[in-house]
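Please look over the sequence and the structure below before reading on. The text then goes through the fold step by step.

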Amino acid sequence: ATPTSIMVGTGRGAEMGVLFRKGEALQALQSVKVVALDKTGTLTEGKPRLTDMALAPGFDRAAVLAVVAAVEAKSEHPIARAIVAAAEAEGLILPEVTAFDSVTGFGVMAAAGGQRVDVGADRYMVKLGLDVSGFGDTATRLGDEGKSPLYAAIDGKLAAIIAVADPIKETTPQAIQALHRLGLKVAMITGDNGRTANAIARQLGIDEVVAEVLPDGKVAAVKRLKALGALAYVGDGINDAPALAEADVGLAVGTGTDIAIEAADVVLMSGRLTAVSDAIALSKATMRNIR
Ligand code: ADP
Ligand code: MG
């Protein structure tokens with residue numbers, strides 16, 4: 001590649017809102033065969049809302065939501081913000097919280113209003129020795145609707161199933177179609193529930209789903225998907241940084257965290273996901289001009 005054509009390509013990228021942090025990335029993107037994307041904050045807006053809540057017998061909705069929101073007020077997770085916003089919208093008063101702790105990829109726990117409260121994924125409840133099968137049909141339905149089911153336990157008893165839904169970004173369907181038109185395979189990697197991930201993937205026509213991945217599992221998933229061909233990874237979060245570094249080309253969503261941007265070869269200046277196919281098309285055009 002001539003330095004001039006790389007410079008021209010890099011300049012064209014900047015006009016399109018695609019920042020190449022390294023010239024090699026512009027060259028490498030043309031050979032990509034697989035594009036793997038993080039779900040939350042990349043394919044979706046990363047701004048979930050609470051949509052459903054069902055209670056176990058003997059539990060009161062307002063009382064459960066108040067203690068759950070009190071605990072979640074200590075968490076930075078987007079799910080936590082959705083639950084706190086719902087409690088605030090209902091005018092609930094949140095009790096004091098002590099002994100807050102979080103288990104990454106599982107959930108959160110604390111003492112609130114004199115009770116021990118645990119909130120998290122089904123695997124977290126299983127870890128606590130709780131049986132979630134009573135909510136099985138509800139969880140299945142919520143997952144198939146593309147909503148993420150969570151569970152709350154109070155003093156060691158399963159109290160509620162809560163669902164949050166994160167809207168798909170407006171540009172995502174178009175972006176996936178454009179990647180398919182370029183002949184690429186599209187994969188989703190997420191820590192979220194398998195049913196939820198598959199429902200969203202089906203809606204978007206995504207080819208491969210790797211779900212219920214623990215934070216350190218994203219790299220392993222990228223390594224596995226690399227078997228299908230040269231891989232670009234697109235992500236926005238702190239926990240995407242290792243996967244961005246492991247990919248042949250890492251693309252960070254510019255609206256994401258600084259840590260993801262640091263780890264990436266390419267930065268998409270807006271959250272607009274069609275920039276991914278734009279970047280790949282630009283790479284192909286640039287490299288064609290050179291040969
Ligand atoms: P992702 O970014 O894909 O959601 P995480 O590793 O952050 O992956 O979380 C994985 C899962 O752990 C979530 O989908 C959720 O079920 C559970 N979880 C994590 N943090 C919380 C929290 N603050 N409240 C409830 N559940 C949580
Ligand atoms: Mg994310």
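**A walk through the fold**

β7 and β8 form a hairpin with 2 residues between them, and Asp-155 in the turn has a positive phi of about 50°. This is a predicted model. One of the paired positions is Ile-154, whose bridge partner in β8 is Lys-157.

β8 also pairs with β3, again in the antiparallel sense, over 6 bridges. In that pairing, Asp-52 stands opposite Ala-163 of β8. Of the 9 residues of β8, 7 are buried, so the strand is largely enclosed by the rest of the structure.

Helix α7 comes next. Spanning residues 136-144, α7 has Ala-139, Leu-142 and Gly-143 buried. These residues lie on the same side of α7 because they cover an arc of only 100° around the axis. An α-helix has 3.6 residues a turn, so residues three or four places apart point the same way. Asp-137 and Thr-140, on the other side of α7, are exposed. The cover over the buried residues of α7 includes the strands β3 (49-55), β7 (148-154) and β8 (157-165), together with helix α9 (194-204). After α7 comes Gly-146, with a positive phi near 80°.

Elsewhere in the chain there is an open sheet. The sheet has 7 strands in the order β1-β13-β12-β11-β2-β9-β10, and its pairing is mixed. Its edge strands, β1 (18-20) and β10 (208-210), each pair on one side only. From one strand to the next, the twist averages 20°. Strands of a sheet pair through backbone hydrogen bonds, either parallel or antiparallel. Within this sheet, β11 (residues 231-235) and β12 (residues 249-253) run parallel and are joined by 4 bridges. Here Ala-232 stands opposite Val-249 in β12.

The chain as a whole remains. The chain holds 13 helices and 13 strands. Its radius of gyration is 21 Å, close to the 19 Å that the globule rule gives for 291 residues, so the chain is as compact as a globular protein of that length. Taken along the principal axes, the C-alpha atoms fill a box of roughly 70 × 30 × 30 Å. Buried residues make up 47% of the 291 in the chain. Among contacts with a separation of 6 or more, 60% are between residues 24 or more positions apart.

Methods
Residues numbered from 1 in each chain as written. Chains lettered and ligands numbered in written order. Predicted model: local features only at pLDDT ≥ 70, side-chain atom pairs only at ≥ 80, totals over all residues. Pairing = 2+ DSSP bridges. Axes fitted to C-alpha atoms, helices over the stretch in contact; angles between N-to-C directions. Buried ≥ 20, exposed ≤ 12 C-beta atoms within 10 Å, placed from the backbone. Arc of directions from axis to C-beta. Contact = placed C-beta atoms within 7 Å. Rg over C-alpha atoms; globule rule 2.2 N^0.38 Å.
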